[in-house]
Amino acid sequence: MKKIYILLIAAAISVTLLPSCKKVLEKQPETTLTPTQVFSDSLITVFYLNTIYTNNLPTWGGNSGGAIGAGGGLTEETTGGSPYTTGAVTMETVGDIGVSNTNSNTYAKIRNINDFIAGMQTSPIAAPIKKRFIAQAMFWRAYRYFELVKIYGGVPIETTTLPVVGAAAKAAADLPRNTTTETWARIVADLDTAINGLPAIWPNVADYGRITKGAAQAFLGRALLTWASPQFNRTNDVTRWQTALTACNAAIATLTIAGNGLYPKEDVTMWTTEGPGSPGKPANVEAVMVTEFTNDNTSNASNNSYTAAGVPKALGGGGGNNPTWDEVQAFPMMDGNTPANASAAYPYNSKLFFDNRDPRFYQTIAYNGCSWTLQGNTLNRLWTYFYYTNAGGTAASTTETSGSSPTGFYCRKAIDPNLSQANLSFSGTDWQEIRYAEVILNRAEAAAQTGDVTTAYNDLVAIRKRAGIIAGANNLYGLQANMSPAQMVSAILYERQIEFAYEGKRYWDLRRYMLLEPTLNGKLRQGFTITLNNTGTSKDYLNVVQSNGLTLRDNLATTSLDNVYLTYFNNANGEVTKNIDTSPIAYQVADYFFGIPTATIQNNPNMIQNNTWGGAFDPLK
């Protein structure tokens with residue numbers, strides 16, 4: 001959970017010099033150096049490179065700093081009003097491409113990377129070291145262009161240093177948009193350079209968190225999968241899928257040698273196990289590309305905000321990231337069947353929705369009455385029901401002591417169970433931008449799209465087996481037998497919805513398959529309301545401490561949570577849902593390629609608007 005120190009290197013390149021004996025988190029005096037001095041000293045060069053990492057590493061949910069962020073509230077996972085879901089997106093909504101000349105927007109980050117690459121070209125540093133430095137910078141340039149192309153289509157490609165000030169600088173920066181095909185070609189070329197220059201394993205444990213060859217190959221697989229998807233591939237050119245499949249196979253081969261694989265079990269330890277293991281090997285085999293965070297409380301600390309945001313308010317958290325009833329219902333049953341096709345052995349009952357579910361359900365969804373260890377309390381149970389405050393049953397209050405979940409649920413995925421309330425804001429759990437499971441499912445998807453259903457079956461089975469789903473008589477873990485390629489692709493997208501729930505991938509999956517409108521439009525996302533049966537007492541009569549120190553409800557739930565639901569709660573006669581959205585979701589078709597903001601076009605007269613927003617630029621070419 002080390003922190004890559006933040007350095008700001010502008011035109012004059014101001015670098016903070018950190019002696020090797022000092023902790024990276026400690027502030028040190030600044031010294032201004034010339035570019036020649038910076039790129040002649042490998043130690044100083046590393047500091048510059050670390051700045052590139054710090055400025056570009058995504059945070060929780062894959063948030064790269066753009067308008068979409070982590071995609072919260074944009075799908076059926078959670079709720080939240082936004083111009084995307086209400087159909088109110090305009091050309092001005094998505095400004096990732098930059099609406100003014102600043103030192104912090106996407107192109108400023110790309111130019112910083114270009115300056116680093118140019119400086120390394122003439123550096124006297126030993127060639128093998130230079131190669132690895134440049135490879136890492138190339139990866140981040142590809143990452144930045146990928147973040148742009150998937151939302152706009154083709155963008156101006158800058159690969160060289162530009163003048164800093166003056167008319168010449170302005171003219172040099174007014175680049176026209178490259179075609180979408182050219183932009184993808186640049187991304188692939190940069191990633192190929194990165195792959196060729198990166199080690200499969202960083203031998204020094206202090207380098208844990210740096211991009212490896214396998215991580216770059218995995219990212220290439222992700223990028224090529226996007227390029228092959230319907231958003232960009234309207235004619236379904238199968239050669240694109242084959243190229244993506246080749247990249248995914250190469251990534252898996254490299255990662256296997258490096259010691260990566262599926263984490264043995266899918267629980268919270270898949271997230272809290274982190275950092276370097278033995279020299280050159282990850283402690284967590286699932287982690288392919290990570291953003292590291294620290295759990296200290298110094299002014300330079302890098303803590304994640306995810307943990308605190310998801311813990312209920314009653315325990316000092318933000319009480320956010322609340323799953324909808326829609327997402328709760330989506331999870332499969334223990335034998336892998338969907339709730340709509342549940343078997344007699346593992347039936348689905350909306351009154352007892354938590355019974356017989358895919359083990360991933362219990363690692364993702366926190367529901368009324370569930371056992372949820374938080375802040376080291378292994379006896380903690382979550383209760384989200386309401387109770388009547390008058391005998392007539394016309395007024396009710398939540399049993400939650402400080403605010404309530406708007407949906408009745410919380411997301412428990414990756415929430416550290418042992419983090420104290422005092423340290424809640426100092427969570428250091430690392431974000432896994434690429435998990436090994438993604439690499440496997442990326443390959444499965446590319447294989448299915450090329451007609452190789454056998455490989456897709458094998459990969460899906462591996463994911464479901466690790467999840468703990470029951471194999472079944474046919475060892476297909478609930479998968480339909482003899483699926484066609486098209487059916488297999490649908491099964492993979494469903495698996496991704498479950499496996500990567502609340503990891504910021506659902507929106508992008510629906511977007512690249514152009515499924516936002518058919519899947520979500522017209523939907524009013526729902527919550528689930530549970531109310532204590534009215535006995536005329538006007539009290540929360542289950543919340544009474546017993547002789548063993550636990551409440552009556554906790555004792556009853558320990559014996560049988562099913563019985564608590566059927567005996568004491570109003571949903572015993574059927575599900576009680578409520579609409580969270582005030583208006584149906586209404587995605588716009590034009591949103592598959594967002595418009596270029598007016599200010600961007602005014603600043604750069606060579607910038608042409610997308611044809612879906614009244615311009616002449618075709619993002620499909």
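1. In strand β8, glutamine 432 is the bridge partner of valine 290. Strands here, like helices, are DSSP runs numbered from the N terminus, with at least two residues (E) for a strand and at least four (H or I) for a helix. Strand β3 (residues 287–291) and strand β8 (residues 431–435) run antiparallel and are joined by four bridges, where pairing of two strands requires that DSSP finds at least two bridges between them. Strand β3 is mostly covered, since five of its five residues are buried; buried means under 20% relative accessible area, exposed over 50%, and partly exposed in between, with a 1.4 Å probe and protein chains only.

2. On the basis of the model: it is predicted, so that local features need pLDDT of at least 70 and side-chain atom pairs count only at pLDDT 80 or more, whereas totals for chains, interfaces and linings use all residues. Residues are numbered from 1 along each chain as its sequence is written, and side-chain values use heavy atoms, with hydrogens and water left out.

3. Rings of Phe, Tyr and Trp (its six-membered ring) pair if their centres lie within 6.5 Å, with planes under 30 degrees apart counted as stacked, over 60 as edge-to-face and the rest as tilted; by this rule the count comes to 40 aromatic pairs. Tyrosine 48 and phenylalanine 116 form an edge-to-face pair, because their ring centres are 5.2 Å apart and their planes stand at 80°. This pair links distant parts of the chain, 68 residues apart, with tyrosine 48 in helix α2 (residues 42–56) and phenylalanine 116 in helix α3 (residues 106–121). Tyrosine 48 and phenylalanine 116 are both buried.

4. The pair of tryptophan 60 and tryptophan 271 is tilted, because the ring centres lie 5.5 Å apart and the planes are at 35°. Tryptophan 60 lies in the loop between α2 and α3 and tryptophan 271 in helix α9 (residues 269–272), so the pair ties together parts that are 211 residues apart in sequence. Both tryptophan 60 and tryptophan 271 are buried.

5. Arginine 132 lies over the face of tryptophan 202, at 5.4 Å from the ring centre, and arginine 210 lies over the face of tyrosine 53, at 5.3 Å from the ring centre. The criterion is that NZ of Lys or CZ of Arg is within 6 Å of the ring centre and within 35 degrees of the ring normal.

6. Alanine 70 is placed in the loop between α2 and α3 and is partly exposed, with a relative accessible area of 31%. Leaving aside residues up to four places away in sequence, alanine 70 touches Trp60, Gly61, Asn63 and Gly504, contact meaning heavy atoms within 4.5 Å.
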